[in-house]
Amino acid sequence: MYEVRVEADFAAAHFLRDYHGKCENLHGHNYKVYAHAKGSELDEGGMLLDFAELKNALRSVCKEIDHTNLNDLEKNGISVFDQNPSAERIAKYIFEKLHEILEKSDSENGTKNAQKLYCIDVFETPTSRARYTI
């Protein structure tokens with residue numbers, strides 16, 4: 001089995017409702033995000049998938065949420081994170097957005113890279129990480 005990982009970062013503010021402690025207050029993080037892909041077959045160029053494609057897609061997702069208050073992120077008038085943008089929920093959100101981008105690219109290029117994406121790590125600090133995986 002082969003695995004590749006790329007990373008990106010973003011800065012954002014958030015606060016957690018239903019949490020009793022200092023994280024109830026508005027605060028920010030410099031997040032680091034790792035996207036992992038794996039598979040058993042390499043392409044004709046000897047790669048699982050192109051690092052540049054995965055990195056560019058991840059950076060575009062992170063750019064959308066960079067320098068925002070994550071509590072304000074809405075889709076169709078509904079809070080994306082249910083007003084609790086925890087690192088776990090952020091990881092799932094990034095996974096789903098990245099998967100959508102890769103699926104679109106796959107349909108245009110005849111590749112299957114979206115199927116290779118299997119987890120996202122979100123670090124709020126260098127020692128605190130949440131992971132979303134399938």
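**View 1. The lining of the second largest pocket has four nonpolar, five polar and two charged residues by class.** Here Ala, Val, Leu, Ile, Met, Phe, Trp, Tyr, Cys and Pro count as nonpolar, Asp, Glu, Lys and Arg as charged, and the others, Gly among them, as polar. The model is predicted, with local features needing pLDDT of at least 70 and side-chain atom pairs pLDDT 80 or more, while totals for chains, interfaces and linings use all residues. Residues are numbered from 1 along each chain as its sequence is written, and side-chain values use heavy atoms, without hydrogens and water. Look for H14, H27, H29 and E124 among the lining residues. A pocket is an open set of points on a 1 Å grid over the protein atoms alone, where a 1.4 Å probe fits, with protein on both sides within 12 Å along at least five of seven lines; lining residues have an atom within 4 Å of a point.

**View 2. Six charged residues and four nonpolar ones line the largest pocket.** Among them are E64, K75, Y93 and E100. The largest share, four residues, comes from α2.

**View 3. Helix α2 and its buried face.** Helices are DSSP runs (H or I, at least four residues) and strands likewise (E, at least two), numbered from the N terminus. Buried residues (under 20% relative accessible area, 1.4 Å probe, protein chains only) of α2 include I90, F95 and L102. Just after α2, G110 takes a positive phi of about 70°.

**View 4. Around V122.** Leaving aside neighbours within four places in sequence, V122 is in contact (heavy atoms within 4.5 Å) with residues including Y31, I94 and R129.

Methods
Buried means under 20% relative accessible area, exposed over 50%, partly exposed in between (1.4 Å probe, protein chains only).
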